[in-house]
Amino acid sequence: MATVRTQREIRQKAPLWLIGLLLANVVIMAIDARDNQGQQQIVRVWTQTVATPVQNVSSKAGGATSNFFHQIFSFRSIAAENEQLKQRVTEIESQLHTSRLQAAENERLKGLLDLRNQTTYQTLPARVIARDPSVWFNTITIDRGTSSGVKINMPVVSATGIVGRVITVSPWAAQVMLVTDEKAGAGAVVGQLGESGALGSVRGRPDLGLIEMRYVSGLEKVTLGDYVMTTGQDGIYPPGLNVGEVVDVKNGTATQPHQILIRPGARLDRLEEVAVLLYEAPQRTAPAQTLPNVEKKKQ
Amino acid sequence: MPIADRQLSIAQIFLENTLRVPIGPIGVRQLAISNTIMPQLKIAAVLALSILLQLSLRVLWPPLSYIDFPLIVVVYIALQRDAWRALLVGTLAGIIVDASSGGLIGAGGFSKTLTAYIIYFAATKVNLENPLVRIPVLAAATVLDSAIYVFWHRLLGYPPVLPLMQTISYRLIATTIAGTLVLYMLDSIIADRSAQQRQFATRRRVARRSTGTLRRR
């Protein structure tokens with residue numbers, strides 16, 4: 001009898017529970033949406049702090065399984081690959097010798113010109129512990145947070161190019177928006193900064209897994225295979241970092257900009273280790289709040 | 001009062017008040033504990049496993065992320081006509097997945113909770129226990145969950161980065177195929193109710209036979 005009554009109670013109270021839980025979710029969503037526009041992300045930091053151990057476990061389990069399958073599939077090609085690698089080692093040894101000589105020469109020249117080494121940003125190595133579990137967004141989670149000095153909007157890079165920027169930081173983890181995300185953006189130039197006039201801005205094209213470069217003057221010469229570098233004018237990335245390689249150009253005219261697609265330099269689908277650049281862009285001076293002619297009138 | 005008796009009375013109060021289990025002699029108590037707590041532990045374990053799978057499978061092969069494992073578990077529990085568990089599991093699963101995602105926290109919780117309730121409501125009105133009927137239920141749940149999730153993101157100014165129809169279609173196909181298999185597996189893991197129903201069906205059949213014989217005589 002007691003069980004029957006309970007079932008009836010459950011059936012009667014279910015709509016109330018539903019409304020309560022839905023309201024709780026809406027409140028959390030509203031707070032998160034509001035926080036995303038500011039610097040304080042209370043809900044996200046707390047939930048991420050709780051989720052970090054789970055992500056660590058899943059990352060290790062996924063990595064181990066992936067390695068296991070990878071080893072099985074790659075077993076056949078190991079012998080051929082070994083031969084190739086031996087040849088490659090010989091080549092690299094000779095290249096290394098040459099590059100050591102060049103590096104020494106470079107150092108001497110830099111010393112003579114009293115130039116600061118622009119690539120010596122302080123970096124923090126980090127491991128990718130999770131990828132976005134939903135299909136709708138494109139973020140990764142790294143195992144470094146505020147306890148390691150990571151802050152919001154710090155750039156994240158790999159050895160081959162920029163990866164993205166930090167969008168959420170909890171004490172032991174941080175969420176990174178990939179450069180292929182539609183909301184990601186950076187100032188970029190085709191070729192070397194100072195040599196090329198093909199300046200523009202890049203933003204992600206998640207539907208293609210590429211990056212789109214916009215606002216490059218149609219009068220500038222851009223060809224397939226050109227490298228794209230950051231300009232440092234976006235307030236996030238320092239200048240001179242590799243963005244990627246031009247894979248498609250629809251040439252513009254004098255009045256229309258080029259339409260350029262770039263393949264990211266970093267292998268974003270297979271990221272395991274990245275580095276956070278502990279770089280904070282120089283603060284820009286606030287624009288003048290009052291117009292000069294207004295001041296004149298007051299005087 | 002001896003300590004053992006006091007402990008039993010605490011357990012009795014807990015079972016009666018929290019789990020709403022009628023308590024009888026000691027043997028019945030043990031049976032009640034195994035019947036109420038064990039399924040909950042199984043559900044918790046299955047939910048944890050589904051979340052781990054959801055977090056880790058994308059690393060193995062990115063298209064596997066189109067399968068929504070927590071949603072499959074939510075659908076399964078809702079089909080068992082257990083409203084409280086379905087709603088709670090929906091909210092928990094959604095929020096945990098949201099915490100690791102770039103989307104809004106709570107959007108997944110909202111969509112899974114509402115989906116769980118709608119399936120629970122349908123299951124109380126129509127018999128959805130048939131494995132073939134579960135396939136369209138899974139498909140409908142996937143579409144509903146995706147639509148609600150995207151609706152909240154668009155409403156609050158965070159539109160998802162992928163094309164809507166294409167992503168929903170891929171999710172529909174992947175989750176329905178994987179879900180059909182997973183529901184079959186879950187039936188064998190958490191099949192207390194199914195086993196009970198089978199037992200009752202057998203007993204009813206035996207009872208009908210015997211009463212039929214008596215009537216003929």
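Predicted model: local features only at pLDDT ≥ 70, side-chain atom pairs only at ≥ 80, totals over all residues.
Q: How many helices and strands does chain B have, and in what order do the elements run?
A: Chain B has eight helices and zero strands. Read from the N terminus, its elements go α-α-α-α-α-α-α-α.

Q: What share of the residues of chain B is buried?
A: Burial is counted from neighbouring C-beta atoms, with 20 or more within 10 Å as the cut-off. Of the 217 residues in chain B, 40% count as buried.

Q: What share of the contacts in chain B with a separation of 6 or more comes from residues 24 or more positions apart?
A: Such residues account for 62% of those contacts in chain B.

Q: How do helix 4 and helix 5 of chain B lie to each other, roughly parallel or roughly antiparallel?
A: Angles over 145 degrees count as roughly antiparallel. The axes of helix 4 (residues 83-99) of chain B and helix 5 (residues 107-125) of chain B cross at roughly 155 degrees and come within 7 Å. The two helices of chain B are therefore roughly antiparallel to each other. Their crossing is right-handed.

Q: Which residues meet where helix 4 of chain B contacts helix 5 of chain B?
A: From helix 4 of chain B, the residues include A83(B), L87(B), G90(B) and D98(B). Helix 5 of chain B contributes, among them, F110(B), K112(B), Y117(B) and Y120(B). By class, this contact has 11 nonpolar, eight polar and two charged residues.

Q: Turning to chain A, is strand 5 buried or exposed?
A: In a regular strand, side chains alternate between the two faces of the sheet. Strand 5 of chain A is mostly covered, with five of its five residues buried. A174(A), V176(A) and L178(A) are buried on one side, and Q175(A) and M177(A) on the other, leaving both faces covered.

Q: Which strands pair with strand 5 of chain A, and over how many bridges?
A: Strand 2 of chain A pairs with strand 5 of chain A over four bridges, in the antiparallel sense. In strand 5 of chain A, Q175(A) has T141(A) opposite. Strand 4 (residues 161-169) of chain A also runs antiparallel to strand 5 of chain A, joined by five bridges. Here R165(A) stands opposite M177(A). Strands 4 and 5 of chain A form a hairpin, with four residues between them.

Q: How many residues of chain A are in contact with chain B?
A: There are 50 residues of chain A in contact with 45 residues of chain B. Elements of chain A giving two or more residues to this side include helix 1 (2-36), helix 2 (42-74) and strand 5 (174-178). The residues on the side of chain A that touches chain B divide into 24 nonpolar, 17 polar and nine charged.

How values were computed. Residues numbered from 1 in each chain as written. Chains lettered and ligands numbered in written order. Contact = placed C-beta atoms within 7 Å. Nonpolar A, V, L, I, M, F, W, Y, C, P; charged D, E, K, R; others polar. Axes fitted to C-alpha atoms, helices over the stretch in contact; angles between N-to-C directions. Parallel < 35°, antiparallel > 145°, perpendicular 65-115°, else oblique. Left-handed = near helix turned anticlockwise from the far one by under 90°. Buried ≥ 20, exposed ≤ 12 C-beta atoms within 10 Å, placed from the backbone. Pairing = 2+ DSSP bridges.
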